[in-house]
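This report starts with one side chain and its partners. It then turns to the chain as a whole and to the ligand shell.

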Amino acid sequence: MHPALSVIFLTTLIGVGQGLFLALYTAESYHAVGLLPAQSPQFYAAGALLAVAFLVAGLVASFFHLGHPERAWRAAAKWRTSWLSREVIALPVAMGLMFVYGAVHYMGWDLARLGIETGIPGDLTLLVGALGVVATFGLFLCTAMIYASIKFLQEWASPLTVINYTVLGIASGFTFATLFAALFDTELVNFFGGWAIIATLAALVTRLSSLLRNAHIKYKSSTQTAIGVRHSIISQRSQGFMSGSFNTREFFHGASRLWFRYVKWIFLILVFPVPVVLLGLGITGDSQGALTGAFAAQYTGLLAERWFFFAQANHPQNLYYQTVG
Amino acid sequence: MTQLALVIDLNVCVGCHACVTSCKEWNTSGSAGYLSDDRPYGEDPTGCFFNRVQTFEVGEYPRTETVHFPKSCLHCEDPPCVPVCPTGASYKRPEDGIVLVDYDKCIGCKYCSWACPYGVRELDEHQKVMKKCTLCVDRIYDTGLPEDERKPACVLACPTSARLFGDVHDSDSGVSVAIREEGGYALMPEWGTRPANHYLPRRKTHISIHRDELDRYDNPLKKEGELPKPDISEPSLDDVTSW
Ligand code: SF4
Ligand code: SF4
């Protein structure tokens, strides 16, 4: 498939935003059970605002993918059958809940305002945050299922696609949260950083699994099934037109084999070992520079990872476009 | 239930592209607007088409065979392109099974083209909506046309009648009989899309001649030449008299 910049930015940016929100809520729930000290309302409010900003940036990027962005509202219509439609609904829901979460923190409201006395401090933010967590995981699921649900894109049609989108989003979000905590000068740097390293290592395992799986795919379609002729030797002599068409532009990545292989190594290095080392340095050496580097490297690596994710998928329609003529 | 479809006879198609040009001509002049082209006379022409004719070579020289292969939307009975469309712009008409795109609803997200294994949907790069074969829905029901012209433009254009059009759910229709009796098959059956369009395979006519057919048992002396021509008054017998 041809990797579209808009979709690369959409999926990576909302991944960071979702991961950041999960980081914030994790810290808050640890605090709720007394494992972590309390944070200022401003910390949560600013963090939630940043998470929303990432989602908004992703949404803006996605509009560049559409031929008719002014009709985008129509995309919510077919949520019963289309994962894309579900994503279009899940994205603003997650965004809205993150925003409310930050706002409730900022205002310092709790359920007592609604006349419900629970006696738990911060019960309202915990409740809104929990809903936000559900929406966030729902959004991960919808985004990844857009790709995983197309069964003949065999590189994508696997639960690993959903797992990778989720774990990579969480890893990048926690890496960003570590940097954010360092900028806010809180004691959460170690907490976020530790989880960021764990999530990144977990993502390494799941991403490598999908690379391994994809290296051994047996394609179900062949030129034989494409034109329905039983013969072991079939070659295309003409695709029916001399220059390109939508079918030759949209479904081939068009990069050289060498570059394709480079990108794989670029992302394998930038997404996993580099941030882990920099996170370790940043935590132990209390260095904001290292943490900034960790996030920058991981995010850049994720752009390459997403490019590779799209480029690696082989669409069966390509069987019809092998030779110009 | 009606399911309109094309049946394409690969045994007859000569790869002339008449269906491609007449499809483009009809559909670029239709009520749904033009099919855009870029640089049609330039160096790198590109454009939106509903139908393409491709050519494949089967076998290895010198035992090769050329297969011309026209390709357009197959109007799948279980179309994977329809449920993925977030807006409902892509839909399958219940009344005749034609898969259509509502150009006024399409947001140009291209997701349906990813979900079609056959690569027959093409985005119109200027109108920014997805387009594909409509089975000439704007002419097959046009009562202003004489009845034998209420067929898709490609079918009318084909000089060798390689394209048949009809209802594949009606067992007695020409297309159903052709599929049934001439080995019609569907493309990429592995994805369960159940294409309504079918293809008829290349067929060769073989005769087998046995040795005894080369020896004329009624000419045991192997003498060739005019048969004896008895007089008209003689009794007549097949193979003996010449009338
Ligand atoms: S051939 Fe492709 S576009 Fe046509 S109905 Fe089937 S899946 Fe949809
Ligand atoms: S490109 Fe148009 S028809 Fe295709 S899925 Fe998107 S909205 Fe639906």
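## A lysine and its partners

The side chains of Lys131(B) and Asp124(B) are joined by a polar contact of 3.0 Å. The model is predicted. Another polar contact, of 2.8 Å, links the side chain of Lys131(B) to that of Gln127(B).

Lys131(B) sits in strand E9, which covers residues 129-131 of chain B. Is Lys131(B) buried or exposed? Its relative accessible area is 1%. The cut-off for burial is under 20%, so Lys131(B) counts as buried. Beyond its neighbours within four places in sequence, Lys131(B) touches several residues, among them Tyr34(B), Leu35(B), Cys48(B) and Phe50(B). Tyr103(B), Val120(B), Arg121(B) and Glu122(B) are also in contact with Lys131(B). Asp124(B), the polar partner at 3.0 Å, is on that contact list too.

## Chain B overall

Chain B contains six helices and eleven strands. Its radius of gyration is 26 Å, well over the 18 Å that the globule rule gives for 243 residues, so chain B is more spread out than a compact globule. Its C-alpha atoms fill a box of roughly 90 × 45 × 40 Å along the principal axes.

Of the 243 residues, 50% are buried. Chain B exposes about 12,600 Å², with 52% supplied by carbon and sulfur atoms. Among contacts with a separation of 6 or more, 56% involve residues 24 or more positions apart.

## Around ligand 1

Ligand 1 has 13 residues around it. Nearest are Cys73(B), Leu74(B), Cys76(B), Cys81(B) and Cys116(B). The shell divides into ten nonpolar residues, one polar and two charged.

Terms used:
Residues are numbered from 1 along each chain as its sequence is written. Chains are lettered from A and ligands numbered from 1 in the order in which they are written. This is a predicted model: local features need pLDDT of at least 70, side-chain atom pairs count only at pLDDT 80 or more; totals for chains, interfaces and linings use all residues. Side-chain values use heavy atoms; hydrogens and water are left out. A residue is near a molecule or strand if one of its heavy atoms lies within 4 Å of it. Ala, Val, Leu, Ile, Met, Phe, Trp, Tyr, Cys and Pro count as nonpolar, Asp, Glu, Lys and Arg as charged, and the others, Gly among them, as polar. Helices (H or I, at least four residues) and strands (E, at least two) are DSSP runs, numbered from the N terminus. The radius of gyration is taken over C-alpha atoms; the globule rule is 2.2 Å times the number of residues to the power 0.38. Buried means under 20% relative accessible area, exposed over 50%, partly exposed in between (1.4 Å probe, protein chains only). Contact means heavy atoms within 4.5 Å. Accessible areas come from the Shrake-Rupley method with a 1.4 Å probe; for residues, only the protein chains shown count as cover. A polar contact is a pair of N or O atoms within 3.5 Å; within protein, one must be able to donate a hydrogen and the other to accept it, and residues adjacent in sequence count only if both atoms are side-chain atoms.
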